[in-house]
Amino acid sequence: MGNLLWIAIAYVMGSIPFGLVFARTFCGVDPRTGGSRNVGATNVARLCGTKWGVATLLCDALKGALPVAIALSFSDSALFHSLTALAALIGHLHSCFLGFKGGKAVATTVGVFIPLAFGQLVLAGIACLLVIWRSGFVSLGSLTLVTALPVFLLLYGKWKLLPLALVVMALVYWSHRENIGRLARGEEKPWQKKHHDAAPTGGPADDATCAASTDRADDQAHCGCGCAAHGEPGATPEK
């Protein structure tokens, strides 16, 4: 009876929408209506800044780590530990405070595996960060994390945690189904926008020059912004 009660408590703890709390309290925005419309750390960082994204990440991880760590302290059952972890994850995915909607459970996944398999989590986390660094896509890194985790658990002989890791992988893949579609179509937004030169190297194209030439349709058709730095209509652009 006590174990079932703790699993229910883990679900409620996992349901706490820290991203929504931080964004509304400190930024005056609702992450469910802006950006990717997700209450997770990545969207909060986009809308409110990095520090609030990091705060959301840490708290979402904590709400996974804490109930599992407490479960480890009073039970030796791997099944109970796994069910506690899943309850916290499902709470984040289907929060009782958000009409049974929620985030994508990546930070909470990290949290539940901190007390269960810290070494293997670090290895999967390194793979995740490398993919984000090379690709710029947090979603792709998140999918890498949950894919690599069961592989490392298998390699290190942590068989009892393998079913949990596989279920978590399925849940995270499902929560990222829209991201997967955008990645396949080349439409996914990178974590940081790529910066390109605003003007050709032959001369600056300041805002005033661009504004003054916006009514010149020929220039706009030629360079896409109507900047005078690209020359008069029919002229060869500077290089």
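Reader: In which helix does tryptophan 52 lie?
Author: Happy to start there. This is a predicted model, where local features need pLDDT of at least 70, side-chain atom pairs count only at pLDDT 80 or more, and totals for chains, interfaces and linings use all residues. Residues are numbered from 1 along each chain as its sequence is written, and side-chain values use heavy atoms, leaving out hydrogens and water. With helices taken as DSSP runs (H or I, at least four residues) numbered from the N terminus, tryptophan 52 lies in helix 4.

Reader: Is tryptophan 52 buried or exposed?
Author: The classes rest on relative accessible area: buried is under 20%, exposed is over 50%, and partly exposed is in between (1.4 Å probe, protein chains only). Tryptophan 52 has 18% relative accessibility, so the residue counts as buried.

Reader: Which residues does tryptophan 52 touch, leaving aside those up to four places away in sequence?
Author: Contact here means heavy atoms within 4.5 Å. On that basis, the residues touched by tryptophan 52 are Phe22, Phe26, Cys27 and Val44.

Reader: What kind of aromatic pair do phenylalanine 22 and phenylalanine 26 form?
Author: Rings of Phe, Tyr and Trp (its six-membered ring) pair if their centres lie within 6.5 Å; planes under 30 degrees apart are stacked, over 60 edge-to-face, and the rest tilted. The structure holds six aromatic pairs. For phenylalanine 22 and phenylalanine 26, the centres are 6.3 Å apart with 40° between the planes, and the pair is tilted.

Reader: How many residues apart in sequence are the parts tied together by phenylalanine 26 and tryptophan 52?
Author: Phenylalanine 26 and tryptophan 52 form a stacked pair, 4.3 Å centre to centre with 10° between the planes. Phenylalanine 26 is in helix 2 and tryptophan 52 in helix 4 (residues 50-74), so the pair ties together parts whose separation in sequence is 26 residues.

Reader: Which residue has the charged end of arginine 177 over its ring?
Author: A charge sits over a ring if NZ of Lys or CZ of Arg is within 6 Å of the ring centre and within 35 degrees of the ring normal. The charged end of arginine 177 is 4.1 Å from the ring centre of tryptophan 174.

Terms used: Helix = DSSP H or I, 4+ residues; strand = E, 2+ residues; numbered from the N terminus.
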